[in-house]
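Q: I'd like to learn how to read pockets and helix faces from a structure. Could you walk me through one?

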Amino acid sequence: MLPSKPSSLKRISLAAVWVGAAMWLPFAWVVLMDYSWDSYRMTWVRMWTVLPGIYVGFFFHPNESQMMTMMLLTTVAMFGSLVWLGSRGPRRLVAAVVIALCICVPESLGAYSLFWV
């Protein structure tokens, strides 16, 4: 007898975990680096959830609220679309994780260099 297909909730949850890890773990340097826990670092820790959208936020930089809003919208759109893609099957899950890494690793490197400016 063939195994049954996993439920859609299980597939979506699995895709959300893998895509979330691929999107936010590249930014783990924010909490893991050897640097004092001052207000500057805490600002970056609070921004951790929206850091995957940091490149879009550059276009709105002088206005802090618009920048954070656009970073949030970009992060939510990217996460939602990649979870949707990843929940469509195992090959598409691998593709979604690779896409997330290809976007977030360069963003993380850029954010790390901005941290020291």
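This is a predicted model: local features need pLDDT of at least 70, side-chain atom pairs count only at pLDDT 80 or more; totals for chains, interfaces and linings use all residues.

Q: Which residues of α1 are buried?

A: Ala15, Val19, Gly20, Ala22 and Met23 are the buried ones in α1. Because these residues cover an arc of only 160° around the axis, they lie on the same side of α1.

Q: And which residues are exposed on the other side of α1?

A: There you find Leu9, Lys10 and Val17, which are exposed.

Q: What span does α1 reach from its first C-alpha to its last?

A: Helix α1 runs over residues 8–24, 17 residues in total, and reaches 24 Å. That is close to the 24 Å expected at 1.5 Å a residue.

Q: Now for pockets. How does one find empty space?

A: The general idea is to roll a probe the size of a water molecule over the atoms, which shows where empty space is left. In this model, the largest pocket has a volume of about 270 Å³.

Q: Which residues line the largest pocket?

A: The lining is made up of Tyr40, Thr43, Trp44, Met47, Ile54, Phe58, His61, Glu64, Met67, Leu114 and Val117. Two or more of the lining residues come from each of α3 (39–47) and α5 (64–86).

Q: Which element gives the most to that lining?

A: That is α3, with four residues.

Technical notes: Residues are numbered from 1 along each chain as its sequence is written. Side-chain values use heavy atoms; hydrogens and water are left out. On a 1 Å grid over the protein atoms alone, a cavity is a set of points where a 1.4 Å probe fits but cannot get out, and a pocket is an open set with protein on both sides within 12 Å along at least five of seven lines; lining residues have an atom within 4 Å of a point. Grid points are joined across faces, edges and corners, and a volume is the space filled by probe spheres set on the points. The expected span of a helix is 1.5 Å times one less than its number of residues. Buried means under 20% relative accessible area, exposed over 50%, partly exposed in between (1.4 Å probe, protein chains only). The arc is that of the directions from the helix axis to the C-beta atoms.
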